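The sequence and structure come first, and the notes follow by topic.

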Amino acid sequence: MAETVFTPSLEGMKHVKAENGVILTKPFLDVCKQILPVLDKFGAAMAIVKNDISGNITRLENKYSSDPSKYGHMYSMVQEEVQNKTAKGSSSCTNGLLWLTRAMDFLVELFRNLLEHPDWTMTQACADSYTKTLKKFHGWLASSSFTVAMKLSPNRDKFMEVISGTGDINADIEKFCTTFSPFLKENHEFLASVGLDDMKAS
């Protein structure tokens, strides 16, 4: 069977929503985890993003594991923190979901750039997606680290070759962006509904 690095996440996305349309915690986090091998192919350029994503997944998974029936729906942990007035804490699950969603926005935008701008270098594609997504929420320090890291981006052709595997990489990137974006949009809309979608990094 023809496969690319996106194959596991594309399969996983079929299970993210329950029959009643709510986003399920474990399947959503599993899809985010399945993106991590793609980031490994970027090498040092994506180390910051990968660590950030991994940390937020672990935080949310730990909360989920503490009571899977209670936290089976992605937003239940946020609603609990909102009620307890702990949602704005830097180690809250709300904060974890917000930054995980933003990091995923960045990746979707980056893959979209690779698809739509075949003439761009990897550094250009990264810089553009960073400006459109994460930059406005980052303070000076995070922004500087990110800018330096992006200069370490791999050669675009080599990268595309490595992630292609035996499948149609452009079709899979397209599918990934199209299928994953609505989940991220829903996360933002939910976080906005409780007034927590615009928290910035210090």
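A residue is called buried when its relative accessible area is under 20%, and exposed when that area is over 50%. The model described here is predicted. In it, the buried residues of helix 8, which spans residues 156-164, are Arg156, Phe159, Met160, Ile163 and Ser164.

**Helix 8**

- Viewed down the axis of helix 8, the buried residues fall within an arc of 130 degrees, so they line one face of the helix.
- An α-helix has 3.6 residues a turn, so residues three or four places apart point the same way.
- Asp157, Lys158 and Glu161 are exposed on the other side of helix 8.
- The cover over the buried residues of helix 8 includes helix 2 (25-40), helix 5 (93-116), helix 6 (122-132) and helix 9 (169-193).
- At the start of helix 8, Asn155 places a side-chain oxygen within 2.9 Å of the backbone nitrogen of Asp157.
- Gly165 follows helix 8 and has a positive phi, near 55 degrees.

**The annotated domain**

- An unreviewed UniProt entry carries the annotation "domain: Glycolipid transfer protein" for residues 23-164.
- Across residues 23-164, the chain is 70% helix and 0% strand.

**Thr133**

- Thr133 lies in the loop between helix 6 and helix 7, the latter covering residues 140-150.
- Thr133 has a relative accessibility of 10%, so it counts as buried.
- With neighbours within four places in sequence left aside, Thr133 is in contact with Asp105, Phe106 and Glu109.

**Cysteines**

- A disulfide is a covalent bond between the sulfur atoms of two cysteines.
- The structure holds zero disulfides.
- Cys32 is in no disulfide, and the nearest cysteine sulfur to it, that of Cys93, is 14 Å away.
- Cys32 is buried, with a relative accessible area of 0%.
- Cys177 is also in no disulfide; the nearest cysteine sulfur belongs to Cys126 and is 14 Å away.
- Cys177 counts as buried because its relative accessibility is 3%.

Conventions:
Residues numbered from 1 in each chain as written. Predicted model: local features only at pLDDT ≥ 70, side-chain atom pairs only at ≥ 80, totals over all residues. Heavy atoms only, no water. Disulfide = S-S within 2.5 Å. Buried < 20%, exposed > 50% of the residue type's maximum accessible area, 1.4 Å probe, protein only. UniProt positions renumbered as here; feature names shortened; annotations may be inferred. Helix = DSSP H or I, 4+ residues; strand = E, 2+ residues; numbered from the N terminus. Arc of directions from axis to C-beta. Contact = heavy atoms within 4.5 Å. Polar contact = N/O pair within 3.5 Å; in protein donor to acceptor, adjacent residues only side chain to side chain.
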